[in-house]
Amino acid sequence: MQSDNQLIRKIKRRQNREAADLLIGRYYKEIFAFTYRQTGNRELAMDLTQEIFITICQGIRSFDEKKSTFRTWAYRVASNKITDYYRSLAHKKQSMEVAFLSQEQEQSHVGILEDEYEDSKIVSDVSELIITRETIQEVMAVIVKFDMEWIQIFQKKCFHEMTFAEIAKDLDLSVNTVKTRFYTMLRKVKQEVAQYE
């Protein structure tokens with residue numbers, strides 16, 4: 001079996017369609033699953049996954065095997081595409097709210113976190129929250145207000161299920177910085193998503 005890098009070289013040199021199909025086939029299911037977990041919507045996840053692989057194919061020449069594995073690079077592209085989607089959604093929502101000040105939030109039935117939970121309980125409740133289809137978008141709409149590095153921490157912790165130590169190493173940050181940022185985001189989610197109760 002050909003390695004990812006061998007396939008990528010074929011794609012770069014000869015725009016080899018068969019190599020591209022093999023590479024996409026190798027990662028399609030896991031990228032789709034990753035996307036689905038962050039959207040809770042099968043059709044949306046399929047659309048975004050298609051966009052992710054189009055972006056990957058268009059940008060394959062910029063992939064540098066000396067800097068990362070293809071899988072890592074593909075997940076980075078996926079994370080960025082999902083973040084762009086939610087930022088766009090948040091921007092559209094904000095624009096609509098300015099235009100229609102009297103318009104209510106679409107969903108008001110979501111059961112969220114209690115005010116007095118400690119951090120460990122917040123993590124547990126937010127983890128439950130993000131697997132509920134109706135609330136994933138509300139949570140992600142809060143998260144995408146942060147800088148990209150912060151968003152990566154949230155995605156790696158909640159969707160890649162990485163440890164704080166792994167995230168710190170991956171992003172070249174201290175473990176304390178990663179924890180502080182993660183818990184800051186969780187508190188923001190708790191504060192903002194609680195308004196949907």
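Figure 1. Arginine 17 and aspartate 21 both sit in helix α2 (residues 17-39), four residues apart, which is about one turn of the helix. Helices here (H or I, at least four residues) and strands (E, at least two) are DSSP runs, numbered from the N terminus. This is a predicted model, where local features need pLDDT of at least 70 and side-chain atom pairs count only at pLDDT 80 or more, while totals for chains, interfaces and linings use all residues. Residues are numbered from 1 along each chain as its sequence is written, and side-chain values use heavy atoms, with hydrogens and water left out. Arginine 17 and aspartate 21 form a salt bridge, and their closest N and O atoms are 3.3 Å apart. For a salt bridge, a side-chain nitrogen of Lys or Arg has to be within 4 Å of a carboxyl oxygen of Asp or Glu. Arginine 17 is exposed, at 63% relative accessible area, whereas aspartate 21 is partly exposed, at 42%. Those words have cut-offs: buried is under 20% relative accessible area, exposed is over 50%, and partly exposed is in between (1.4 Å probe, protein chains only).

Figure 2. Is arginine 181 buried or exposed? Arginine 181 counts as buried, with 17% relative accessibility.

Figure 3. Lysine 188 and glutamate 192 join their side chains in a salt bridge of 3.1 Å, N to O. They are four residues apart in helix α9, so about one helical turn separates them. Lysine 188 is partly exposed, with 29% relative accessibility, while glutamate 192 is buried, with 16%. Salt bridges with shared partners link Lys145, Lys188 and Glu192 into one network. How many salt bridges does the structure hold? The count is nine.

**Figure 4. The largest nonpolar core.** This core has 45 residues, and the ones that touch the most other members are Leu23, Ile31, Ile56, Ile60, Phe70 and Phe154. A nonpolar core, by the way, is a set of buried Ala, Val, Leu, Ile, Met, Phe, Trp, Tyr and Cys residues joined through side-chain atoms within 4.5 Å. The elements giving two or more residues to this core are α1 (4-14), α2, α3 (42-59), α4 (70-99), α6 (133-143), α7, α8 (164-171) and α9. Which of them gives the most? That's α4, with eight residues. Now zoom in on isoleucine 60: leaving aside neighbours within four places in sequence, isoleucine 60 is in contact with Ile8, Ile11, Lys12, Leu23, Phe70 and Trp73. Contact here means heavy atoms within 4.5 Å.

**Figure 5. Helices α2 and α3 packed together.** Two packed helices are described by the angle between their axes and the distance between the axes. For α2 and α3, the angle is about 135 degrees and the axes are 9 Å apart. That makes α2 oblique to α3. On the α2 side, the residues making the contact include Tyr27, Ile31 and Tyr36, and on the α3 side they include Leu48, Ile52 and Phe53. Axes are lines fitted to C-alpha atoms, for helices over the stretch in contact, and the angles run from 0 to 180 degrees between N-to-C directions. Angles under 35 degrees count as roughly parallel, over 145 as roughly antiparallel, 65 to 115 as roughly perpendicular, and the rest as oblique.

Figure 6. Lysine 10 has its place in helix α1 and is partly exposed, at 25% relative accessibility. Lysine 10 and alanine 20 are ten residues apart in sequence, and 8.5 Å apart in space from C-alpha to C-alpha. Serine 79 lies in helix α4 and counts as buried, at 8% relative accessibility. Beyond residues up to four places away in sequence, serine 79 touches Phe34 and Gln155.
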